[in-house]
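Reader: I am new to reading protein structures. Can we go through one together, step by step?

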Amino acid sequence: MSLIYFDPEKCTACGTCSEICPVHVIIPGEDGVPSVPPENEPFCVRCGHCEAVCPANAIQGNYETFSPENNLADTEQISPEVLKKYTQSRRSIRAFKDKPVEREKLEEILETVRFAPSGMNVQPVKWLVINDAGKVKKLADLAIDWMRLMVEKDIDHPLKQIFPGLVARRDAGLDPICYEAPCLVYAYAENEYAYTDSIIALSTVDLVASSFGLGGCWAGLLQIAAREYEPLKEALDLPGGNVPQYALIIGYPKYKFWRIPGRKQADVIWR
Ligand SMILES: Cc1cc2nc3c(=O)[nH]c(=O)nc-3n(C[C@H](O)[C@H](O)[C@H](O)COP(=O)(O)O)c2cc1C
């Protein structure tokens, strides 16, 4: 069975599939029906662009993939104004309602996010979802344990100056790492190369979550501790050989933001 099936009954030999293929593995046949020669198959990244672009719906990938029920013919283009306002109004949320996050919403978010881009379409990002405020707090406390050790042993670290303040806030009964969030979404993968893919996927989680009325904040301090502190790594308990990439806390925002704060102008070189 060939990797990609081109239905000769439906194919109109328009050539769009071979034109759009990012790795140029689709070759037009003599009769006009394209094919992927066996020697080209290893280079296919299974991105599905050929299937998705074919106006005649004549292409079927013979590899495991999970598409949503879809037909984009009637999909309206989202307006730049709507997307601009939506993107600019996303905020980091550090105060949450005392309300758990519904698992179905998290499933919907991750269902959306699995279509985020990844290098060579490897799709290496996996998820650890800790949807339990008590368990999130335990991880945050482990990060504080690490910072406390760093302070006590006077160990050098680029963030050394902020550790005493964070420890003091924890000792005062606050959670300066995960802000008592009800949920933590950790992107993990088999190796460090997946870092950029993980950040893209998490950024998409952050953006999509707000369409569900949720809000997120990057748990950078937790990730910094997770890279260095063995007890925190152990508590994450990822399947063997996997590396925690980055995390986002999620919950229902306690406060509504009424305005978009200012930011630097875009710093652009035009050529
Ligand atoms: C990589 C990364 C790590 C971050 N880590 C933390 C963190 O550990 N704690 C925190 O309160 N905010 C963290 N933030 C949130 C930033 O402080 C926030 O994005 C920035 O202040 C801008 O605010 P906004 O996201 O509401 O526009 C992080 C953001 C990024 C992108």
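Author: Let us start with a term. Helices are DSSP runs of H or I with at least four residues, numbered from the N terminus. Ser18 is found in one of these, helix 1, residues 16-20. Keep in mind that this is a predicted model.

Reader: Is Ser18 buried or exposed?

Author: The cut-off for buried is under 20% relative accessible area. Ser18 has a relative accessible area of 17%. That value falls under the cut-off, so Ser18 is buried.

Reader: Which residue has its backbone oxygen 3.2 Å from a polar atom of the Ser18 side chain?

Author: A polar contact needs a pair of N or O atoms within 3.5 Å. The Ser18 side chain has a polar atom 3.2 Å from a backbone oxygen. That oxygen belongs to Gly15.

Reader: Which domains does the assignment give, and how far apart are their C-alpha centres?

Author: The domain assignment gives domain 1 as 4-61 and domain 2 as 84-251. Between the C-alpha centres of domain 1 and domain 2 lie 40 Å.

Reader: How many residues of strand 4 are buried?

Author: Strand 4 covers residues 183-189. Cys183, Val185, Ala187 and Ala189 point one way, and all are buried. Leu184, Tyr186 and Tyr188 point the other way, and they are buried too. The count for strand 4 is 7 of 7.

Reader: Which residue in strand 6 is the bridge partner of Val185?

Author: Strand 4 pairs with strand 3 (residues 126-130), antiparallel, through 5 bridges. There, Leu128 stands opposite Tyr186. Strand 4 also pairs with strand 6 (residues 243-251), again antiparallel, over 7 bridges. In strand 6, the partner of Val185 is Leu248.

Reader: Which side chains have an N or O atom 2.6 Å from a ligand oxygen?

Author: The shell around the ligand includes Arg91, Ser92 and Arg263. For the Arg91 side chain, the distance from an N or O atom to a ligand oxygen is 2.8 Å. The value 2.6 Å belongs to Ser92 and Arg263.

Reader: How much of the ligand's accessible area does the protein cover?

Author: On its own, the ligand has 620 Å² of accessible area. The protein covers part of that area: 63%.

Reader: How many residues of the shell are charged?

Author: The shell includes Arg90 and Arg94. Its residues divide into 6 nonpolar and 2 polar, and the charged ones number 4.

Note on methods
Residues are numbered from 1 along each chain as its sequence is written. This is a predicted model: local features need pLDDT of at least 70, side-chain atom pairs count only at pLDDT 80 or more; totals for chains, interfaces and linings use all residues. Side-chain values use heavy atoms; hydrogens and water are left out. A residue is near a molecule or strand if one of its heavy atoms lies within 4 Å of it. A polar contact is a pair of N or O atoms within 3.5 Å; within protein, one must be able to donate a hydrogen and the other to accept it, and residues adjacent in sequence count only if both atoms are side-chain atoms. Accessible areas come from the Shrake-Rupley method with a 1.4 Å probe; for residues, only the protein chains shown count as cover. Ala, Val, Leu, Ile, Met, Phe, Trp, Tyr, Cys and Pro count as nonpolar, Asp, Glu, Lys and Arg as charged, and the others, Gly among them, as polar. Buried means under 20% relative accessible area, exposed over 50%, partly exposed in between (1.4 Å probe, protein chains only). Helices (H or I, at least four residues) and strands (E, at least two) are DSSP runs, numbered from the N terminus. Two strands pair if DSSP finds at least two bridges between them. Domain bounds come from an automatic or database domain assignment.
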